[in-house]
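This briefing is for a reader meeting the structure for the first time. The sequence and the model come next, followed by notes grouped by topic.

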Amino acid sequence: MSAIFNFQSLLTVILLLICTCAYIRALAPSLLDKNKTGILGIFWKCARIGERKSPWVACCCVVMAFSILFQQ
């Protein structure tokens, strides 16, 4: 089943995207900062969410990990 049709998989993909973008921006900020608009601006926005809401994102990652491990 595709991640688009399964809500839990969709949330997992979104959390992974946010965490990955924040990590890439921490390593190489110029990679994401030059694309603040357009379709590639989504990655910049995900990085900003990951930086500013990092305690909440971390909590969601832990909850999602337990959900994946123990619910399925």
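Thr12 counts as buried because its relative accessibility is 19%, where buried means under 20% relative accessible area, exposed over 50% and partly exposed in between (1.4 Å probe, protein chains only). The model is predicted: local features need pLDDT of at least 70, side-chain atom pairs count only at pLDDT 80 or more, and totals for chains, interfaces and linings use all residues. Residues are numbered from 1 along each chain as its sequence is written, and side-chain values use heavy atoms, with hydrogens and water left out.

**Surroundings of Thr12**
- Thr12 is found in helix α1; helices (H or I, at least four residues) are DSSP runs, numbered from the N terminus.
- A polar atom of the Thr12 side chain lies 2.9 Å from the backbone oxygen of Gln8.
- Leaving aside residues up to four places away in sequence, Thr12 touches Met64 and Ile68, a contact being heavy atoms within 4.5 Å.

**Helices α1 and α3**
- Two packed helices are described by the angle between their axes and the distance between the axes.
- Helix α1 (residues 7–27) and helix α3 (residues 41–52) have axes that come within 7 Å and cross at roughly 90°. That makes α1 roughly perpendicular to α3, a label for angles of 65 to 115 degrees (under 35 is roughly parallel, over 145 roughly antiparallel, the rest oblique). Axes are lines fitted to C-alpha atoms, for helices over the stretch in contact, and angles run from 0 to 180 degrees between N-to-C directions.
- On the α1 side, Leu17, Ile18, Cys21, Ala22 and Arg25 take part; they meet Phe43, Trp44, Cys46, Ala47, Arg48, Ile49, Gly50 and Glu51 in α3.
- The residues of this contact divide into nine nonpolar, one polar and three charged.

**Cysteines**
- The count of disulfides is zero, with a disulfide taken as a pair of cysteine sulfur atoms within 2.5 Å.
- Cys21 is in no disulfide, and its nearest cysteine sulfur, that of Cys46, is 4.9 Å away. Cys21 is buried, with a relative accessible area of 5%.
- Cys61 is likewise in no disulfide; its nearest cysteine sulfur belongs to Cys19, 3.5 Å away. Cys61 counts as partly exposed, at 26% relative accessibility.

**Pro55**
- Pro55 is in helix α4 (residues 54–71) and counts as exposed at 58% relative accessibility.
- From C-alpha to C-alpha, Pro55 and Trp44 are 19 Å apart in space, and they are eleven residues apart in sequence.

Notes
Helix = DSSP H or I, 4+ residues; strand = E, 2+ residues; numbered from the N terminus. Nonpolar A, V, L, I, M, F, W, Y, C, P; charged D, E, K, R; others polar. Polar contact = N/O pair within 3.5 Å; in protein donor to acceptor, adjacent residues only side chain to side chain.
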